[in-house]
Amino acid sequence: MQRKLGNIAVTGGAGFIGSNFIRYLFAQTDFTGRIINVDKLTYAGNQESLSDIQSKHGNDRYVFEQADICDYERMKGIIQQYDVRVVVNFAAESHVDRSIFGPKEFIQTNILGTFNLLEVVRELWVGRNDVLFHHVSTDEVYGSLGDTGFFHETTSYDPRSPYSASKASSDHLVMAYYHTYNMPVTLSNCSNNYGPYQFPEKLIPLIILNMKEEKPLPVYGDGKNIRDWLYVDDHNSALWMILNRGTTGETYNIGGENEWENIRLVHVLCEKMSEKTGKPGDYYKRLITMVKDRPGHDRRYAINCDKIKKELGWKQQIGLDSGLDITIQWYLENEEWVNRIRSGKYREWIDKNYSNR
Ligand code: NAD
Ligand code: TYD
């Protein structure tokens, strides 16, 4: 079934994936409605990530509203004012390390914020079938794998960090609203994303920028933890298919089928950077610094995404080689964005919590 999609509210649209999603909707889909970007602008949100969209579509097909998803009246007002028919909920505290230093914001935004949005749409959308609440979640809710096996949509939740526990809790609430109130919802659990506009506290942009500045490249523990990497627009194309044709009440796993040990990935980044800068092959590898492990560090994530491939015809388009080339080039060319996002609150937090960044 093809849904007719009305105006879309993208919560967390000033963050990494949300901003790429909004750009994707304008550039690569036939969506003709309005996009309302609802973002609190925490340390991770940056309106400049969408300055091109603002200049081209601002006040017509694109609107920005600075608001907290925990604020019931604001959310209700926005959904009513713009006749929002689809909510895509990206808004979250998203970094595992931060959730270890201070879990409170994670509980507040990820659990209570999602609950608040669900309550708003329950009040406003009762009995309607031309609406959809899509919740963007992570494969981290499934816990940690050993050397073999994959996460399926039916895998039991087993979150281990405050971040993944908060996302797991929000996923359960979303599904509870489907079963209890018949709320039209869809849910997706995606593996690690990378690409332009990612906040530089996450592994790939951190390594790229530290190489550029010839700072240590911190690798946690023995470096053998495995993540399944997906280029951000491949996540966006999956989300677009779910909004259009996903079955309500269903969960879709999205993944790269692209597992890398952290240390091997960092080696690849070093080699690519050497090629770009004309330095000898091992030039950046000397900066690799093995550091104390993250507490409760999940060993391996790997997604089985057969369901979305079979049911919706999705597949990954961008391999790691070209995805990393695009990403490295983007960070090298966008120094102004990087400097702005790394100043202020982020700098204070890094200085407080790390000695070598
Ligand atoms: P991000 O940290 O880059 O962006 C989060 C955005 O949410 C920011 O713009 C921030 O200002 C906004 N925000 C935070 N609290 C808010 C609140 N209370 N009200 C309104 N806005 C608020 O995160 P991201 O990496 O883009 O992740 C987006 C979503 O995708 C999250 O829900 C995350 O759990 C999920 N996800 C991320 C990945 C990944 O690899 N990054 C993988 C799978 C799923
Ligand atoms: P990250 O990008 O924080 O994503 P997540 O924790 O959600 O998977 O980290 C990816 C992997 O890289 C994870 O195994 C932790 C590791 N890591 C490092 O080794 N060094 C770092 O400085 C960071 C930020 C992460």
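Just after helix α7, E214 takes a positive phi of about 55°. Helices here are DSSP runs of H or I with at least four residues, strands are runs of E with at least two, and both are numbered from the N terminus. Keep in mind that this is a predicted model, in which local features need pLDDT of at least 70 and side-chain atom pairs count only at pLDDT 80 or more, while totals for chains, interfaces and linings use all residues. Residues are numbered from 1 along each chain as its sequence is written, chains are lettered from A and ligands numbered from 1 in the order in which they are written, and side-chain values use heavy atoms, with hydrogens and water left out.

Let us stay with α7 itself. Of its 10 residues, 8 are buried, so the helix is mostly covered (buried means under 20% relative accessible area, exposed over 50%, partly exposed in between, with a 1.4 Å probe and protein chains only). The buried ones are I204, P205, L206, I207, I208, L209, N210 and M211. Their cover includes the strands β7, β8 (217-220) and β9, along with the helices α9 (262-277), α11 and α12 (335-342).

Two packed helices are described by the angle between their axes and the distance between the axes. Helix α7 (residues 203-212) packs against helix α11 (residues 320-333) at an angle of about 55°, with the axes 10 Å apart. On the α7 side, I204, P205, I208, L209 and K212 meet L324, T327, I328, Y331 and L332 of α11 (contact means heavy atoms within 4.5 Å).

Two of the strands that cover α7, β7 and β9, bring us to a sheet. This open sheet has 3 strands in the order β7-β9-β11, with mixed pairing (two strands pair if DSSP finds at least two bridges between them). Its edge strands are β7 (192-194) and β11 (259-261), each pairing on one side only. Strand β9 (residues 226-231) pairs with β11 in the antiparallel sense over 3 bridges, and I226 stands opposite E261 in β11.

Finally, a word on cysteines. The count comes to 0 disulfides, a disulfide being a pair of cysteine sulfur atoms within 2.5 Å. C70 is partly exposed, with a relative accessible area of 22%, whereas C270 is buried at 0%.

Technical notes. Axes fitted to C-alpha atoms, helices over the stretch in contact; angles between N-to-C directions.
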